[in-house]
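Let's take a walk through this protein together. Have a look at the sequence and the model first, then read on.

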Amino acid sequence: MEKSQIEFLTELAEEFQQQTAINNRATEESEQSDALSTLVDLARDMQARLDQQQNRIRQLELMVETDELTGLYNRRGFTRRTREALARSARNGEKGLMVIADLDGFKQVNDEHGHAAGDAVLRHFGQNLRTHTRADDFVARFGGDEFAILMTGSDPDAAEKRLKQLQQATARFPLIWHGTPLRIQASFGFSVYTTKNDISDLISEADKDMYKNKHAGRDSQKSAQTDHNAA
């Protein structure tokens with residue numbers, strides 16, 4: 001009888017140890033699961049914060065590369081895009097156009113209608129350029145009434161035709177200012193970029209071409225006015 005009690009107590013002790021071991025394993029597994037869940041939550045939180053920081057950085061980059069008045073690229077943003085295009089050109093031989101545009105008679109708009117009208121003209125012209133260029137092109141306002149367009153992957157032989165289309169589109173859509181249509185005109189010039197070009201040289205060459213066309217347009221207008229008066 002005494003032996004049976006000892007055996008019984010032994011069995012109880014073994015069962016207790018087994019149950020304790022099971023409970024300990026369950027506790028460890030639960031703790032491990034909780035720890036893993038905590039790590040997952042921390043990782044998700046860190047990723048969310050990282051995404052927010054990256055979005056904020058992108059927003060700040062966009063702000064410093066955007067012209068506040070027109071919403072187009074500013075010179076800084078345009079320069080970055082041009083560097084990227086020239087790098088692609090060096091890799092695959094892509095050609096394109098650097099275009100400079102300058103409004104004609106902009107000072108007269110400011111003098112006659114005020115600077116608010118001048119700002120509206122700049123926004124209107126900028127939007128018109130964006131509307132009549134491709135999604136792959138980059139449009140910028142350098143400052144004042146000077147704008148730039150980078151026409152990536154464009155055929156140089158079609159440059160004159162494309163600039164003529166932009167001139168026509170500019171003249172075709174005047175700005176309505178307090179019920180009065182303000183006719184907008186602009187002069188355009190371009191240079192061709194290839195595999196080896198400097199950004200400053202491209203802009204300078206396009207700028208010279210633009211002023212040549214601006215002066216030619218003025219001479220043409222004077223000639224037409226002289227003929228009209230003579231008649």
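## Ground rules

Helices (H or I, at least four residues) and strands (E, at least two) are DSSP runs, numbered from the N terminus. This is a predicted model, where local features need pLDDT of at least 70 and side-chain atom pairs count only at pLDDT 80 or more, while totals for chains, interfaces and linings use all residues. Residues are numbered from 1 along each chain as its sequence is written, and side-chain values use heavy atoms, with hydrogens and water left out.

pLDDT is the predictor's confidence in each residue, from 0 to 100. For the protein chain the mean is 84, and 78% of its residues reach 70 or more. Where pLDDT is low, the predicted coordinates should not be read in detail.

## The sheet

Follow the order β2-β3-β1-β6 and you have an open sheet of 4 strands with antiparallel pairing. β2 (138–143) and β6 (185–193) are at the edges with a single partner strand each, so one side of each has no neighbour in the sheet. From one strand to the next, the twist averages 20°. Two strands count as paired if DSSP finds at least two bridges between them. Here β1 (residues 96–104) is joined to β6 by 9 bridges, β1 to β3 by 7, and β2 to β3 by 5.

Val 99 is a handy landmark: its bridge partner in β6 is Phe 190, and its partner in β3 is Ile 149. Ile 149 also has Val 139 opposite it. Between β2 and β3 there are 2 residues, making a hairpin, and Gly 144 in the turn has a positive phi of about 60°.

## Buried or exposed?

Buried means under 20% relative accessible area, exposed over 50%, and partly exposed in between (1.4 Å probe, protein chains only). In β3, 7 of its 7 residues are buried. Glu 146, Ala 148, Leu 150 and Thr 152 point one way from this strand, while Phe 147, Ile 149 and Met 151 point the other way. In a regular strand the side chains alternate between the two faces of the sheet.

Now for some contrast. His 178, in the loop between β4 (175–177) and β5 (180–182), counts as exposed at 70% relative accessibility. His 178 also has a positive phi of about 50°, although it is not a glycine. Gln 185, in β6, is partly exposed at 30%.

Helix α4 (residues 115–131) lies across β1, β2, β3 and β6, running at about 10° to β3; axes are lines fitted to C-alpha atoms, for helices over the stretch in contact, and angles run from 0 to 180 degrees between N-to-C directions. Its buried residues include Val 121, Phe 125 and Leu 129.

A nonpolar core is a set of buried Ala, Val, Leu, Ile, Met, Phe, Trp, Tyr and Cys residues joined through side-chain atoms within 4.5 Å. The largest one has 27 residues, and Val 99, Leu 103 and Phe 188 are among those with the most contacts inside it. Which element gives the most to this core? That is α4, with 6 residues. Phe 188 touches residues including Val 99, Phe 125 and Leu 129. A second, separate core has 17 residues, among them Tyr 73 and Leu 202.

Methods
Contact means heavy atoms within 4.5 Å. Lists of a residue's contacts leave out its neighbours within four places in sequence.
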